[in-house]
Amino acid sequence: MTDALRWLALGQGAYFFVTGVWPLLSMRTFEAVTGSKTDKWLVKTVGIQVGVVGLVLLLAGYRDRADAEVVTLAIGSALGLTAIDVWYTARGVIPRIYLLDAAAEGLLIAAWTVAALSAN
């Protein structure tokens, strides 16, 4: 694993873990930033999933392993979350604050793509 891939795995892993567990630890502060939620169970379900992806990426970075599966998980999960953020913000379903997450995800996608191509 190159240093770039390792740091990307650790960085995205930390970002996903923190944002994933946030609504589990404090729905009140999560809603203060992201807006009121109707289906809190769904927010928590997504949070658990994002948190688990974060843990996998942290483990990959810690163990210095970024095989094709890890790169696919990192880019694929970032693409999926970006699509949701943009789609539902454009339709007025979720607040525009989610576009900040989309921007962060876009940077991660670009960085993973460059680093993965450079490693080969």
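Reader: In which helix is the place of Ile-48?
Author: The model is a predicted one. In this model, the place of Ile-48 is in helix α3.

Reader: Is Ile-48 buried, partly exposed or exposed?
Author: The relative accessibility of Ile-48 is 44%. Buried requires under 20% and exposed requires over 50%. Ile-48 therefore counts as partly exposed.

Reader: How does the span of α1 agree with its 23 residues, and how far apart are its end C-alpha atoms?
Author: At 1.5 Å a residue, the 23 residues of α1 should span 33 Å. This agrees with the distance between the end C-alpha atoms, which is 32 Å.

Reader: Which elements do the buried residues of α1 pack against?
Author: The buried residues of α1 are Leu-5, Leu-8, Ala-9, Leu-10, Gln-12, Gly-13, Phe-16, Gly-20, Val-21 and Pro-23. The elements they pack against are α2, α3, α4 (68–90) and α5 (98–119).

Reader: Is Glu-31 buried or exposed?
Author: Glu-31 lies in helix α2, residues 27–34. Its relative accessible area is 17%, and the cut-off is under 20%. Glu-31 is therefore buried.

Reader: Which residues does Glu-31 touch, not counting those up to four places away in sequence?
Author: Glu-31 has its place in α2. With residues up to four places away in sequence left out, Glu-31 touches Ser-36, Lys-37 and Lys-40.

How values were computed
Residues numbered from 1 in each chain as written. Predicted model: local features only at pLDDT ≥ 70, side-chain atom pairs only at ≥ 80, totals over all residues. Heavy atoms only, no water. Helix = DSSP H or I, 4+ residues; strand = E, 2+ residues; numbered from the N terminus. Buried < 20%, exposed > 50% of the residue type's maximum accessible area, 1.4 Å probe, protein only. Contact = heavy atoms within 4.5 Å. Expected span 1.5 Å × (residues − 1).
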